[in-house]
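Colleague: I would like a close look at a single part of this model, with the terms spelled out as you go.

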Amino acid sequence: IKCKAAVAWEAGKPLSIEEVEVAPPKAHEVRIKIVATAVCHTDAYTLSGADPEGCFPVILGHEGAGIVESVGEGVTKVKKGDTVIPLYIPQCGECKFCKNPKTNLCQKIRITQGKGVMPDGTSRFTCKGKQLYHFMGTSTFSEYTVVADISVAKIDAAAPLDKVCLLGCGISTGYGAALNTAKVEPGSTCAVFGLGGVGLAVIMGCKIAGASRIIGIDINKDKYAKAKEFGATECISPQDSKKPIQEVLVEMTDGGVDYSFECIGNVGVMRAALEACHKGWGVSVIVGVAAAGQEISTRPFQLVTGRTWKGTAFGGWKSVDSVPKLVTEYMSKKIKVDEFVTHTLPFDKINEAFELMHSGK
């Protein structure tokens, strides 16, 4: 199939709308017509050149939704015409990770996915005679993409694809961080660092879990009104106090919060989020992805005195099983999705979408 795609030819350059060729799906692969895609900081991180796994030229994008166009040999879970969300964390159901209820980190195709190729080691994308790499096993910045059959979730055909594409990463990640990873309890106090899409989804999860106090933290005060719509009880800026933000939070909450979430990818903020937790039982979850080579630090005494430091990927959801259920929760109005959408742009304005994201809009 010949179609349009946004190609990242090299790091640090804007994406270029090109005509690409998308090969048919091989065995255990699915070709999808992408109807809608969102942009995420992870795409920008790879595009910046800071990602050690970044390969170029590449078709980025990992928050998408579409319709199955064709399937390769041996595919049984989906068929032509099915409505689907591609998954950057697959679920094969066979590896020891999939068999363990404690994790969602399926490893079946991890090595080839990290190298930007399909499980057989080759690419399905070409442009101007050059092979393009895949990204996160999904490559949703293309009108057609090919994914492994274990990297696709069949969803309710009535779901609006320009909304539920967000369940492919950001919303599911934040929501699951609160419900699955932290297991926020009714009546608890939570602090959420970073009020972007993921932070708002964490707030939504904390509220649904019954938290009585949810403190949003961001230096951009334009984000406070939206955070309160999602359930934040108050919002503060680290720049409004001479004291470190963890000290401010400890004072505000009589010893610290029960749960904190870092949704930025800043190792200094990760430390602050841990140290803002209550002695004896506080849990801090790292949701943001820090740049390559960075390390976290704190005084060991923080952990000795009963705080827990955790991390989460895709909110701990077993992807093939959970994404259809999240779509159902949205369709039955249990979780918000529409409210996360700030701008809807045509595909050829994709660089503008990145600019809006970088400017915090």
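Which residues line the largest cavity?

Modeller: This is a predicted model, in which local features need pLDDT of at least 70 and side-chain atom pairs count only at pLDDT 80 or more, while totals for chains, interfaces and linings use all residues. Residues are numbered from 1 along each chain as its sequence is written, and side-chain values use heavy atoms, with hydrogens and water left out.

The structure holds 1 cavity of 30 Å³ or more, where a cavity is a set of points, on a 1 Å grid over the protein atoms alone, at which a 1.4 Å probe fits but cannot get out. Rolling a probe the size of a water molecule over the atoms shows where empty space is left. The largest cavity has a volume of about 70 Å³, a volume being the space filled by probe spheres set on the points, with grid points joined across faces, edges and corners.

Its lining, meaning residues that have an atom within 4 Å of a point, consists of I109, T112, Q113, G116, V117, M118, P119, H134, G137, A148 and S151. These lining residues divide into 5 nonpolar, 6 polar and no charged, with Ala, Val, Leu, Ile, Met, Phe, Trp, Tyr, Cys and Pro counted as nonpolar, Asp, Glu, Lys and Arg as charged, and the others, Gly among them, as polar. The lining of the largest cavity therefore includes glycines G116 and G137 on the polar side of that division, because Gly is counted as polar.

Definitions and conventions:
1 Å grid on protein atoms, 1.4 Å probe; cavity = no way out; pocket = protein on both sides within 12 Å on 5 of 7 lines; lining within 4 Å.
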